[in-house]
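Please look over the structure below.

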Amino acid sequence: MAAISLTSCQRDLLSLNNDPKHPSVLPSATLLAMGQQQFFYSAFTGSVNFNNYRFFVQQWAEVTYTDETNYDLVTRNQPRNHWNRMYVNSLNNYETAKKNLPSEAVATEVERINRMATLEISQIAVWENLVDTYGNIPYSEALNAGDGSFAPKYDDAKAIYTSLLARITAVVATIDESKKGYDSGDLVYNGNMTKWKHLANSIKLRLGVNLASASTTVDATAKTAIETAIASGVIASNDEAYSLKFPGGTYSNPVYDDLVASNRDDFIPSELVINMMKGKNDPRMATWFTKVGGNYVGGVFGDKNPFASYSHMSSFFLAPTAPANLLSYEEILFMKAEAAARGYSVGGTAASFYDQAVTVSMTLNNVSSADAAAYLVAHPYDAANWKKSIGEEAYIAMFNKPFAAWLFSRRLDQPVFVNPKNSKTDGVPVRMPYSDQEYVLNKANVNAAATAIGGDKATTKLFWDKF
């Protein structure tokens, strides 16, 4: 009896080492949710401490501090902060989830395969963001720290594209659309595998359209990517957009945090956006912006702009529960228009997809069908100047979708950005420089990468940013 009692006491004492609030192995669903929240927040935010996408495309101007609109990427270490959030807070969570999933109890193996596909597609989305932000990046060795690899090599960006396209094709083939993926943890699609499949193909389309801009002729790899993605099924409605609706409170939409919860008046719409929309008599202005003295007035990019003297973002963008959209239905339609204009077979003409894209954007932004139709009559697709035609309309439609806007502006060179007079860079950024920490922790590899891409500068174009 004494022995049994002693053993029991030892078990009770050992149980004190178990922390129920901090388990040693997290469920893959929890890791998926963590990765999604971090990716959406970090890629969508307008915070001056992170990605700077909204300033790279000159859609927001600043009020008091002008470092970001003058492309000071050193003081606040945005390249380091975005790099770390993507690798540590998103990719690592998804990778750990992949390792934990095989040992978890799942109703059927089909559901387990669908869950693994969800994690794979989520990871691919982050890889695409990284490679299109920095260029050559650690990829094949990046997530091998558990094997003692703390200085991963940088892979060639075009080779990463090839790998991502292959991974998308492979993972789509594993999906069973008749079954769910995650019952919980999937904050975006709630386990709907048709939507995950369409997202994967939409990323494939985006990669293909980027590749297409590297050549003045039809590229075989781009053609295969674009046409097989569309044939397999891409995002086909706003309901399928890669969009995260925040619950509010601790997890609020980042634009709400930037413009409301911060209790600061730091950002206003730029004069580039306002003047372009005014020149087109764009009805979306009434939904998006406030007036000053009965007029829409945009801030001067790169200068200080007294808050009360300029238009502000309206309440349309400011709900704490508003969604953050990282791949939209409008973007798909504009990419189809662009692909058609470049000579690829996408199931319609550039003009037809241009009309659809503009109409969808109008509808989603509270514009009547009559006003949308009138706008298209006034601003039809111009085949002779298709880059300007698609580029300007995509730029406006992507106003609150900054990463997508940056992709369009780099591919189409529209609209034309002017480098601010006090800019810290030689031109408007077309890539993010590497994290400064890489030059301390991974010096040989980052130096080799910088040499390979033509210099670690914000003005160094990515391999596809040519035509």
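**Briefing**

In the whole structure, a search finds 31 aromatic pairs (rings of Phe, Tyr and Trp, the last by its six-membered ring, with centres within 6.5 Å; planes under 30 degrees apart are stacked, over 60 edge-to-face and the rest tilted). The model is predicted, so local features need pLDDT of at least 70 and side-chain atom pairs count only at pLDDT 80 or more, while totals for chains, interfaces and linings use all residues. Residues are numbered from 1 along each chain as its sequence is written, and side-chain values use heavy atoms, with hydrogens and water left out.

**An aromatic pair**
- Tyr 53 and Phe 403 form a tilted pair, 5.1 Å centre to centre with 55 degrees between the planes.
- Tyr 53 belongs to helix α3 (residues 53-56) and Phe 403 to helix α16 (residues 402-412), so the pair ties together parts that are 350 residues apart in sequence.
- Helices (H or I, at least four residues) and strands (E, at least two) are DSSP runs, numbered from the N terminus.

**Helix packing**
- Helix α12 (residues 329-341) packs with helix α15 (residues 386-397) at an angle of about 170 degrees, and their axes are 10 Å apart.
- Axes are lines fitted to C-alpha atoms, for helices over the stretch in contact, and angles run from 0 to 180 degrees between N-to-C directions.
- From α12, Phe 334, Ala 337, Glu 338 and Ala 341 meet Trp 386, Ile 390, Glu 393, Ala 394 and Ala 397 of α15 (contact means heavy atoms within 4.5 Å).

**Cavity**
- The count comes to 1 cavity of 30 Å³ or more (on a 1 Å grid over the protein atoms alone, a set of points where a 1.4 Å probe fits but cannot get out; lining residues have an atom within 4 Å of a point).
- The largest cavity has a volume of about 80 Å³, the space filled by probe spheres set on the points, which are joined across faces, edges and corners.
- Its lining includes Phe 39, Glu 128, Arg 206, Tyr 242 and Phe 403.
- Helix α5 gives the largest share of that lining, 3 residues.

**Backbone**
- The peptide bond from Gln 414 to Pro 415 is cis, with omega near -5 degrees, and Pro 415 is in the loop between α16 and α17 (438-441).
- Tyr 71 is not a glycine, although its phi is positive, about 60 degrees.
- Tyr 71 is found in the loop between β1 (60-62) and α4 (78-100).

How values were computed. On a 1 Å grid over the protein atoms alone, a cavity is a set of points where a 1.4 Å probe fits but cannot get out, and a pocket is an open set with protein on both sides within 12 Å along at least five of seven lines; lining residues have an atom within 4 Å of a point.
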